[in-house]
Amino acid sequence: EAATPDLPLPFDARCVLTTRPDIGLRSCFGPALHWVWRPRRNEGDLSYILIRPAEGRVVIRQGGGRIALRAREAAALALDQAAEFVLAQPGRIDVIELDAALLPLLAGEAAGLMRVIPRSNPGLQALAHYGALLLRGLLPLNSAELQALARAHVHDLVGAALSDREPAVAAVPA
C-alpha cells in the first residue's frame, strides 16, 4: 500500500510498502541517491526511526556524526535535526517509525543512536523476519488489540537489537 498522500514518500522512493493498518513499518523501493530527512516542525514529541538498507550501502550524516551502513545493517536515529542520506547501489530501504513511549531506552546516552547495528545481531535478524511477515500481510492486524500487540513486538525487537551490542574493539596503537 502506498504511503499516506499528505506525506512525501520517504527517500523520494518510487513506491512504499506499509502495513494495513499502518503501524510504522515501511519498505521504500527505488530510493533517491541523496535525500535529507527534515524534522517535522508540527510534532511536539521527539521522533525516532530505525533504518535498514536491504541492498547497497547508505552513509548517514547527522549533527556532525557520520555512519555507514551496509546491506542488512541498521541504525536508530533521532529526528530532532536533519539527517542526510547518501546511497550507493540503492534498491530498498526499510524504515520503522519508533514510539519513545514503547521504547524507553531511546532516551539518554545509552540509546545507541547513530551506531551501526550489525547484520549478525539476533534482535535485528528477528525484527527483519517479523517485519517481513507483517508487511506481506501474513500476520493479520484485523483488530486494535492485534495492531497494538504487533507494534509492541516490533518495539521489543528493536530494543533487543539496540541493547545487544557487540563490544567495540579497542584501537591498536601503530
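Two strands are taken to pair if DSSP finds at least two bridges between them, and strands (E, at least two residues) and helices (H or I, at least four) are DSSP runs, numbered from the N terminus. The structure described here is a predicted model, in which local features need pLDDT of at least 70 and side-chain atom pairs count only at pLDDT 80 or more, while totals for chains, interfaces and linings use all residues. Residues are numbered from 1 along each chain as its sequence is written, and side-chain values use heavy atoms, with hydrogens and water left out.

Strand β2 takes part in two antiparallel pairings. With β9, β2 is joined by five bridges, and cysteine 28 stands opposite isoleucine 93 in β9. With β1, the antiparallel pairing of β2 extends over four bridges; here valine 16 is the residue opposite cysteine 28. The hairpin of β1 and β2 has six residues between the strands, and glycine 24 in this hairpin takes a positive phi near 100 degrees. Strand β2 itself, residues 25-29, is mostly covered, with four of its five residues buried. Buried denotes under 20% relative accessible area, exposed over 50%, and partly exposed the range in between, with a 1.4 Å probe and protein chains only.

An open sheet is formed by four strands in the order β3-β8-β5-β6, with antiparallel pairing. Because β3 (34-37) and β6 (65-70) stand at the edges and each has a single partner strand, one side of each is left without a neighbour in the sheet. From one strand to the next, the twist averages 20 degrees; axes are lines fitted to C-alpha atoms, for helices over the stretch in contact, and angles run from 0 to 180 degrees between N-to-C directions. Within this sheet, β5 (residues 57-62) and β8 (residues 83-88) pair in the antiparallel sense over five bridges, and valine 58 stands opposite leucine 87 in β8. In a regular strand, side chains alternate between the two faces of the sheet.

A search of the whole structure for aromatic pairs finds five. Rings of Phe, Tyr and Trp (its six-membered ring) pair if their centres lie within 6.5 Å; planes under 30 degrees apart count as stacked, over 60 as edge-to-face and the rest as tilted. The ring centres of phenylalanine 11 and phenylalanine 85 are 5.0 Å apart and their planes stand at 80 degrees, so this pair is edge-to-face. Since phenylalanine 11 lies in the segment before β1 (15-18) and phenylalanine 85 in strand β8, the pair ties together parts that are 74 residues apart in sequence. Phenylalanine 11 and phenylalanine 85 are both buried. Tryptophan 35 and tryptophan 37 also form an edge-to-face pair, at 5.5 Å centre to centre and with 80 degrees between the planes. Tryptophan 35 is buried at a relative accessible area of 14%, and tryptophan 37 is buried at 7%. One aromatic cluster is formed by Phe11, Trp35, Trp37 and Phe85.

Seven salt bridges are present in the structure, a salt bridge being a side-chain nitrogen of Lys or Arg within 4 Å of a carboxyl oxygen of Asp or Glu. In the bridge between arginine 70 and glutamate 73, the closest N and O atoms are 2.8 Å apart. Arginine 70 is partly exposed, with a relative accessible area of 46%, whereas glutamate 73 counts as buried at 6%. Arginine 92 and aspartate 94 meet through their side chains in a salt bridge of 2.9 Å, N to O. Of these residues, arginine 92 is partly exposed at 23% relative accessible area, and aspartate 94 counts as buried at 13%. A further salt bridge, of 3.8 Å from N to O, is made by the side chains of aspartate 99 and arginine 151. This pair links distant parts of the chain, 52 residues apart: aspartate 99 lies in the loop between β9 (92-98) and α1, and arginine 151 in helix α2. Aspartate 99 is partly exposed, with a relative accessible area of 27%, as is arginine 151, with 25%.

Leucine 138 is located in the loop between α1 (122-135) and α2 (144-163). With a relative accessibility of 54%, leucine 138 counts as exposed.
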